[in-house]
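Let's take a walk through a protein together. Have a look at the picture first, and then we'll go through it piece by piece.

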Amino acid sequence: MNADQGPAVRASASADSESASASASAAAGRLAGTAPEPGVRKPDPLLVLDGVTRSFGGLVAVRVDHLEVQRGAITALIGPNGAGKTTLFNIVSGFDRAGSGSWSFDGHPLTGRPAHRVARQGLVRTFQLPRTLSRLTVRENMMLAAAGQGGERLLSALLRPLWRGQEREAGRRADELLERFRLGGVRDDYAGTLSGGQRKLLELARVLMVRPVMVLLDEPVAGVNPALSQSLLGHITELRDEGLTVCFVEHDMDVVMGISDWVAVMADGRLVAEGPPHTIGQNPAVVDAYLGRRHDEPGAGEDEPTGNGPTGDESTGAGPTEDKGTGDESSEDKE
Ligand SMILES: Nc1ncnc2c1ncn2[C@@H]1O[C@H](COP(=O)(O)OP(=O)(O)OP(=O)(O)O)[C@@H](O)[C@H]1O
């Protein structure tokens, strides 16, 4: 990927600047005329998927007919547990193979590309459980991200003189990002000593080392304390305002409503609804998805909701905000 393609990252930018909220409506505004229908065309799609399927034995985990992700916007991908969200992320980011289908990125085919080539084209992802290397320092994790995403073998990339030419620039960028994400004070600490929330921050900072055009974030604030969660969300909206395209999986509807310009909903591997965040809670297909029932089944719509579904009704129990155990609990933030 051309390093100049990515959005400019300002080292000193404030996470909750006024310009962030102003641009939030700008990104959503560009989607204002878009019909809230699954598979709808977007005015300026960056990522386009067609007929993507993935099965595990007899289970069809993903069967998405058509999905477009708008450039420069924050798109939330929501749905009940097992809907296929992570599997779809895995496929698009090159960490898993689809059974069928095709997808393109910025007009270029991306189908079946391995992860390092996908990253080189400008599309990178984070994981539900941050993949930081505990026995390397925070800064070494950053440097490794630049080398690894560039297709180098990880260990040799750390050792080889070949790497030296790019090392200075990567080092500058690592320091700039660590300051921006308020990890400058722990840059020489082992990553294994960080809290869960700090590891999420590091994971986000790491993917920015390659100046991506788009990031896929898998539950970016799961298991993170409220203060650090706000900080992370501020960073995400700020990155969007600088031109980055963001697609994120999230179960917490307050987070989804708070930062999304657009919401796509999956259930049983399918895309069942799309729309601006404020329309999603009222969409019958979405309510049914969270109730585990198809809209055309007898009795649909007769019961009171029993899940903590897309309306964000906290009084109703399990649902999209259900704690599904991210494995981060043991490292709940200290900040
Ligand atoms: N490697 C695998 N082998 C077998 N089944 C799998 C595998 N990965 C995913 N699945 C199944 O595919 C379905 C979709 O899983 P996926 O993790 O994509 O859902 P999700 O929407 O991300 O769920 P969650 O919100 O709980 O993370 C689930 O039924 C899951 O059990």
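Of the contacts in the protein chain with a separation of 6 or more, what percentage comes from residues 24 or more positions apart? The figure is 70%. Keep in mind that what you see is a predicted model.

**The overall picture**

The protein chain is built with 11 helices and 10 strands. It has 335 residues, and 46% of them count as buried. The largest nonpolar core takes in 86 residues. Inside that core, the residues with the most contacts are M142, A205, M209, V246 and V265.

Let's pick V265 from that group. Leaving out residues up to four places away in sequence, V265 touches I78, G79, V272, A273, E274, I280, V286 and A289. Two of those names, V286 and A289, come back when we get to helix 11.

**Around the ligand**

Which residues come nearest to the ligand? There are 12 residues around it, and F56, A61, N81, T86 and T87 come nearest. Strand 2 (59–70) and helix 2 (85–92) each supply at least two residues of this shell. Helix 2 gives the most, with three residues. Sorted by class, the shell has four nonpolar, six polar and two charged residues.

**Two helices side by side**

Now find helix 7 (residues 196–207) and helix 8 (residues 226–241). Their axes come within 10 Å and cross at roughly 10°. An angle under 35 degrees counts as roughly parallel, so helix 7 and helix 8 are roughly parallel to each other. On the helix 7 side, the contact is made by G197, K200, L201 and L204, while helix 8 brings in L228, L232 and H235. By class, that makes four nonpolar, two polar and one charged residues.

Helix 7 is also the place of E203. Is E203 buried or exposed? It has 23 C-beta neighbours inside 10 Å, and a residue is buried at 20 or more, so E203 counts as buried. E203 and V272 are 69 residues apart in sequence, and their C-alpha atoms are 30 Å apart in space.

**Two loops with a positive phi**

Next up are R211 and D268. R211 is not a glycine, yet it has a positive phi of about 50°. D268 also has a positive phi of about 50° although it is not a glycine. Where do they sit? R211 lies in the loop between helix 7 and strand 7 (214–218), and D268 is found in the loop between strand 9 and strand 10. R211 counts as buried because it has 21 C-beta neighbours inside 10 Å. D268 has 18 such neighbours, so it counts as partly exposed.

**Helix 11 and its cover**

Which residues are buried in helix 11 (residues 284–291)? They are V286, V287, D288, A289 and Y290. What covers them includes strand 9 (262–267), strand 10 (270–275) and helix 10 (277–280). A285 is found in helix 11 too, but it has 16 C-beta neighbours inside 10 Å and so counts as partly exposed.

**Near or far?**

Not counting residues up to four places away in sequence, D189 touches T137 and V138.

G258 has 15 other C-beta atoms within 10 Å, so it is partly exposed.

Here are some pairs, with the spacing along the chain and the distance from C-alpha to C-alpha:

| Pair | Apart in sequence | Apart in space |
|---|---|---|
| A285 and V265 | 20 residues | 9.1 Å |
| G258 and Q282 | 24 residues | 17 Å |

For G258 and Q282, follow the 24 residues along the chain and then look across the 17 Å.

Methods. Residues are numbered from 1 along each chain as its sequence is written. This is a predicted model: local features need pLDDT of at least 70, side-chain atom pairs count only at pLDDT 80 or more; totals for chains, interfaces and linings use all residues. Helices (H or I, at least four residues) and strands (E, at least two) are DSSP runs, numbered from the N terminus. A residue is buried if 20 or more other C-beta atoms lie within 10 Å of its own, exposed if 12 or fewer, and partly exposed in between; C-beta atoms are placed from the backbone. Two residues are in contact if their C-beta atoms, placed from the backbone, lie within 7 Å. A residue is near a molecule or strand if its C-beta atom, placed from the backbone, lies within 6 Å of it. Ala, Val, Leu, Ile, Met, Phe, Trp, Tyr, Cys and Pro count as nonpolar, Asp, Glu, Lys and Arg as charged, and the others, Gly among them, as polar. Axes are lines fitted to C-alpha atoms, for helices over the stretch in contact, and angles run from 0 to 180 degrees between N-to-C directions. Angles under 35 degrees count as roughly parallel, over 145 as roughly antiparallel, 65 to 115 as roughly perpendicular and the rest as oblique. A nonpolar core is a set of buried Ala, Val, Leu, Ile, Met, Phe, Trp, Tyr and Cys residues joined through C-beta atoms within 7 Å.
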